[in-house]
Amino acid sequence: MPVDPTTPVIEFRDVSYCVGNTQVLIGLNLQVARNETLVLLGRSGSGKTTSLKLINRLVSPTSGEIRINGIPNEKLDVIRLRRGIGYVIQDVGLFPHFTVERNIAVVPKVEGWPDDRIRARVQELLQLVGLAPELASRYPHQLSGGQRQRVGVARALAADPGILLMDEPFGALDPLTRDELQREFLLLQQRLHKTVVFVTHDLREALRLGSRIALMEAGKLQTVLPPHEFIRSSDPWASAYVRAFGEGLESAANRGAS
Amino acid sequence: MNVVRFILQNRTQVLDLTLEHLWLVGVSTAFAMFIGIPMGILIAHRPRLNKPVLASANIIQTIPSLALFGFLLPVPWLGARSDRLAILALTLYALLPIIRNTYTGITGVDASVVEAGRGMGLTESQLLWQVELPLAVSVILSGVRIAVVISVGLATIAAAIGAGGLGEFIFRGLAMVDNRVILAGAIPAAIMALVADFGVGYLERRFSAR
């Protein structure tokens, strides 16, 4: 379907979300441009994960709407919508009774791809995320945390979705593995040019991976800035974040220049 | 060794009653699975229903079995044949462990696995058949195992209303004050319970190994 390239891929229009009397999100307006990595940064309970789940309709807004390529996502078939969006979560959520290969192949399989195409795609993806081909026959419990999350990323990419939603995907990993996966994420993004929404509470990660950072606090969007502006921002919440993380942020923000 | 001799002498009758017993237990367990597993799946997905359903199954469980057989006796179609009645009563007793274990098995599936599946665009039925049931199957089977073992024991009481089964020997032995006759019913029943326990237990382990 032809899409005007200037239309935001994802657009929140005045979105609010309440659970009972608790306002989780208040009047969110946000646009995500094609091929960018937008990072939703904020502390626990700031509404960033909810925002992510609103995109693939794991959660429905109390008011407002979310548009995908200009179309309100309520109007799209929810199953088609989700299959066109890769979803990676912190706990990975691999199916423990499936091998790595079958885990990666979940969406192609339900989409009815022929077996040889699936097999070829799995091999291609394993290579893409830096996993040895022989891991295909392993079960999730036989993998390390880093390997599991690589499989999680491969699974999300399997049917080549245009959009990737990532909810603290590297949050549970040790610092070395996290660093490795962040680096590979950047390389991957250079090759694949997905539209990515990435949730994290780690400013360093946000600066390193994001093309723009959307800072959330108590259900409200505080500010949206590219990394190099974020660290100099006078916005009280942004500067509070920068102060909390302290030294060494410049180098994280300038990874593009080096 | 008197018992062994007695059993051998009456082997055709022992065999007949054992088969009858097996029929009562098998049919009632099949019905209970047919009703209980979907019911357990339903209450796992509709949390509002879980309390009333589990409470009802619990209440049935507290009715003394002899009384339940008695209550059901005047029911028109059922009372006409005592094996129908016995099968209904045994089915009711088998429901609780099967519903409860199905519920526990499904709700015990790691929430992140279900969320990932739903987020990837699996339909609710794909999620059920490909993720929830395979991951819950060993817990469900352990409920079936408990149900079968309980049924084998309870089915002996069905003889009191003339539904046959190994209970015939037990009641007859009690009336005759003859331990050999009681044991001719009790021993095959005990063996049946052990075999069922082992057999379903084997399936349970096979499925959980994955």
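**Exercise 1. Determine the relative orientation of H8(B) and helix H10 (residues 179-208) of chain B, which pack against each other.**

Solution. The structure is a predicted model, and the angle and distance below are computed from it. Two packed helices are described by the angle between their axes and the distance between the axes.

Step 1. For H8(B) and H10(B), the angle is about 175° and the axes lie 9 Å apart.

Step 2. Angles over 145 degrees count as roughly antiparallel.

Step 3. H8(B) and H10(B) are therefore roughly antiparallel to each other.

**Exercise 2. Identify residues that form the contact of H8(B) with H10(B), and classify the contact by residue type.**

Solution. 

Step 1. H8(B) contributes, among others, B:Val137, B:Leu141, B:Val144, B:Arg145, B:Val148 and B:Val152.

Step 2. On the side of H10(B), the partners include B:Ala189, B:Met192, B:Ala196, B:Asp197, B:Val200, B:Glu204 and B:Phe207.

Step 3. By class, this contact comprises 13 nonpolar, 5 polar and 3 charged residues.

**Exercise 3. Describe the contact between chain B and chain A from the side of chain B.**

Solution. 

Step 1. Chain B supplies 15 residues to the contact, and chain A supplies 16 residues.

Step 2. On the side of chain B that touches chain A, helix H7 (111-119) and helix H8 (124-155) of chain B each provide at least two residues.

Step 3. H7(B) gives the most to this side of chain B, with 6 residues.

Step 4. The side of chain B that touches chain A divides into 7 nonpolar, 5 polar and 3 charged residues.

**Exercise 4. Characterise the pairing of strand S1 (residues 10-19) with strand S2 (residues 22-32) in chain A.**

Solution. 

Step 1. S1(A) and S2(A) run antiparallel and are joined by 7 bridges.

Step 2. Within this pairing, A:Val15 stands opposite A:Leu28 in S2(A).

Step 3. The two strands, S1(A) and S2(A), form a hairpin with 2 residues between them. In the turn, A:Gly20 has a positive phi of about 60°.

Key. Residues numbered from 1 in each chain as written. Chains lettered and ligands numbered in written order. Predicted model: local features only at pLDDT ≥ 70, side-chain atom pairs only at ≥ 80, totals over all residues. Contact = placed C-beta atoms within 7 Å. Helix = DSSP H or I, 4+ residues; strand = E, 2+ residues; numbered from the N terminus. Nonpolar A, V, L, I, M, F, W, Y, C, P; charged D, E, K, R; others polar. Axes fitted to C-alpha atoms, helices over the stretch in contact; angles between N-to-C directions. Parallel < 35°, antiparallel > 145°, perpendicular 65-115°, else oblique. Pairing = 2+ DSSP bridges.
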